[in-house]
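Please look through the structure below before reading the report that follows.

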Amino acid sequence: MSESDGGCKRFFTIGCVGCLGLSALLIFIAVLSFGIAWYQAQGVEVSHQELTRDLTVPEVTVEEEATAELPVEPSEAPAAGTVELELYQTEVEVRPGPPGEPIRVDARFDSSRYSLTEEFVEGDGEQGWTYRIAFRRSSRSSLIAGLKELISGSKPRVAVILPRDVPFDLDLSVMQGGGEVELGGLWLTNVDVDFLQGGGHVEISEPLRAPAEQVRIGFSMGGGEVEGLGNASPRRLDIEFSMGGGDVDLRGAWSRDAEITIDQSMGGASVRLPSGVDIRGLDRPNALASPGLDEVPRPVLTFDVSSQYGELEFIN
């Protein structure tokens, strides 16, 4: 055996011993972390916290004769205030409540790792109230903390039940989490929904109490689905997909013209177009005309579309 062959064998033996030692160390760390997490998980107490608040409509002083002759329609009522929801690292459910009920927040979480806070700011004569709900992590994230949450089944969940009888703006941000958002039947003036680093599903299953002025829904670093946007019938609609794909359904009860912007980058997306409307901006004017409705004015949907590094498909 040559000296070079002996040296190669020694290096190979030393390398194997080193790899085995490193593997054993990693296994030991994993087992130790799991053991610590399992031990800590036995003492986890999942907290249940519920918040409730009546959100009122500001009083408007008008003459009695004008009130009798010109009743205020839902579409003419301004927003009474803004509901801001900032929800981090949690499973989210947002839905309408029964008629006459206030806003309610129902949360289950490990209080040693997360916190739920609320803030109500009274409005003045020019601006309505602001109601803020924030759900955040209150302690540093770690491997053991994540394992403890997995073992104990204490993954946080936050449900927000929105009032049907109050006109308000909705500003919803879900970060590093995901969930279901149902807005059908609500009295929303402006809607802004963001999912960041997580996926979600937004649906408007029935017409809003009054058409919205503006709706914006964005997904970044995660996919998403949006259904029934026609039931919001906003004057302006903005849909954004970034670093993730999704599906958009524009069907529903469109009642007026709309400016629609769709911005998609680094991911594919599909858009299902509604019937009974006129389409502009997609090189297919009147492509979706409904037979027998030529004499009835139809909503005109004007599109501004941008797509980069991915396919954006339109479906009739």
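Two strands are said to pair if DSSP finds at least two bridges between them, and strands themselves (E, at least two residues), like helices (H or I, at least four), are DSSP runs numbered from the N terminus. By that rule, strand β3 (residues 91-96) and β9 pair in the parallel sense over 4 bridges, and Glu93 stands opposite Glu180 in β9. Strand β9 is also joined by 4 bridges to strand β11 (residues 200-203), and these two run parallel; here Glu182 stands opposite Glu203 in β11.

This is a predicted model, in which local features need pLDDT of at least 70 and side-chain atom pairs count only at pLDDT 80 or more, while totals for chains, interfaces and linings use all residues. Residues are numbered from 1 along each chain as its sequence is written, and side-chain values use heavy atoms, with hydrogens and water left out.

How many residues of strand β9 (residues 178-182) are buried? The strand is mostly covered, with 4 of its 5 residues buried, where buried means under 20% relative accessible area, exposed means over 50%, and partly exposed lies in between (1.4 Å probe, protein chains only).

| Residue | Location | Relative accessible area |
|---|---|---|
| Ser233 | loop between β13 (224-227) and β14 | 2% |
| Arg108 | strand β4 (residues 103-110) | 41% |
| Met243 | loop between β14 (236-242) and β15 (246-249) | 43% |

Ser233 counts as buried because its relative accessible area is 2%. Leaving out residues up to four places away in sequence, Ser233 touches Pro211, Ala212, Ala253, Trp254, Ser255 and Arg256, a contact being heavy atoms within 4.5 Å.

Arg108, in contrast, is partly exposed, because its relative accessible area is 41%. Neighbours within four places in sequence aside, Arg108 is in contact with residues including Val46, Ser47 and Lys155. Arg108 and Val46 are 62 residues apart in sequence, yet their C-alpha atoms are 6.4 Å apart in space.

Turning to the whole chain, its secondary structure comes to 3 helices and 20 strands, and buried residues make up 41% of its 316 residues. Among contacts between residues at least 6 apart in sequence, 56% join residues at least 24 apart. The chain exposes about 17400 Å², of which carbon and sulfur atoms supply 52%; such accessible areas come from the Shrake-Rupley method with a 1.4 Å probe, and for residues only the protein chains shown count as cover.
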